[in-house]
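User: Please take a close look at one part of this model for me: the surroundings of the ligand. Which residues are the closest to the ligand?

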Amino acid sequence: MTQTEPSIFTRIIEREIPADMVYEDERVIAFHDIAPQAPVHVVVVPKTAQYRNVVELAAADPELLAHVVAVAQRVADELSDGEFRLIFNNGESAGQTIFHAHAHVLAGGLTEGTLGSK
Ligand code: 5GP
């Protein structure tokens with residue numbers, strides 16, 4: 001699918017809009033979510049904008065998906081106790097609002113209520 005405008009995440013990667021950065025390497029970037037749903041809520045984003053969601057990412061580049069997971073662990077180690085919940089919203093009705101594949105890392109004392117709400 002052709003994307004006409006860069007996603008918010010691409011604009012953060014390009015430093016066009018600010019974000020509270022946690023981690024960056026040549027393949028991914030991680031920053032605090034602007035609307036945190038847990039004491040620690042960080043988004044890990046592949047720099048490439050070519051995958052709209054985790055399913056496309058997993059099919060095309062499983063190694064990059066594995067790297068996203070490894071970075072999630074690193075973030076949870078650095079900002080919390082190393083334990084975390086990893087969420088990929090996939091599709092609008094599942095809560096996805098930005099169609100540039102990304103993982104939510106939630107940590108720092110979770111309750112079951114943060115798994116999702118109706
Ligand atoms: P999604 O709903 O697509 O799974 O996740 C998008 C996430 O990006 C949401 O949790 C939302 O709060 C976050 N977000 C949207 N715009 C911005 C922004 O400009 N900066 C940051 N740091 N997070 C954002």
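Analyst: **Around the ligand**

Let's start with Thr97, where a polar backbone atom is 2.8 Å from an oxygen atom of the ligand. Please keep in mind that this is a predicted model, in which local features need pLDDT of at least 70 and side-chain atom pairs count only at pLDDT 80 or more, while totals for chains, interfaces and linings use all residues. Residues are numbered from 1 along each chain as its sequence is written, and side-chain values use heavy atoms, with hydrogens and water left out.

Two elements give two or more residues to the shell: α1 (8-13) and β2 (28-32). The largest share, three residues, comes from α1. Helices (H or I, at least four residues) and strands (E, at least two) are DSSP runs numbered from the N terminus.

To answer you directly, 15 residues surround the ligand, and the closest are Asp33, Gly95, Thr97, His102 and His104. A residue counts as near if one of its heavy atoms lies within 4 Å. By type, the shell holds seven nonpolar, seven polar and one charged residue, with Gly counted as polar and Tyr among the nonpolar ones.

Now follow β2 into its sheet. This open sheet of five strands runs β1-β2-β3-β5-β4, with antiparallel pairing. β1 (21-24) and β4 (85-87) each have a single partner strand, so one side of each lacks a neighbour in the sheet. On average, neighbouring strands are turned by 20° against each other, direction ignored. Strands pair if DSSP finds at least two bridges between them, and β1 and β2 have three, in the antiparallel sense. Tyr23 has Ala30 of β2 as its bridge partner, and Glu24 stands opposite Ile29 in β2. A hairpin of three residues joins β1 to β2.

How values were computed:
A polar contact is a pair of N or O atoms within 3.5 Å; within protein, one must be able to donate a hydrogen and the other to accept it, and residues adjacent in sequence count only if both atoms are side-chain atoms. Axes are lines fitted to C-alpha atoms, for helices over the stretch in contact, and angles run from 0 to 180 degrees between N-to-C directions.
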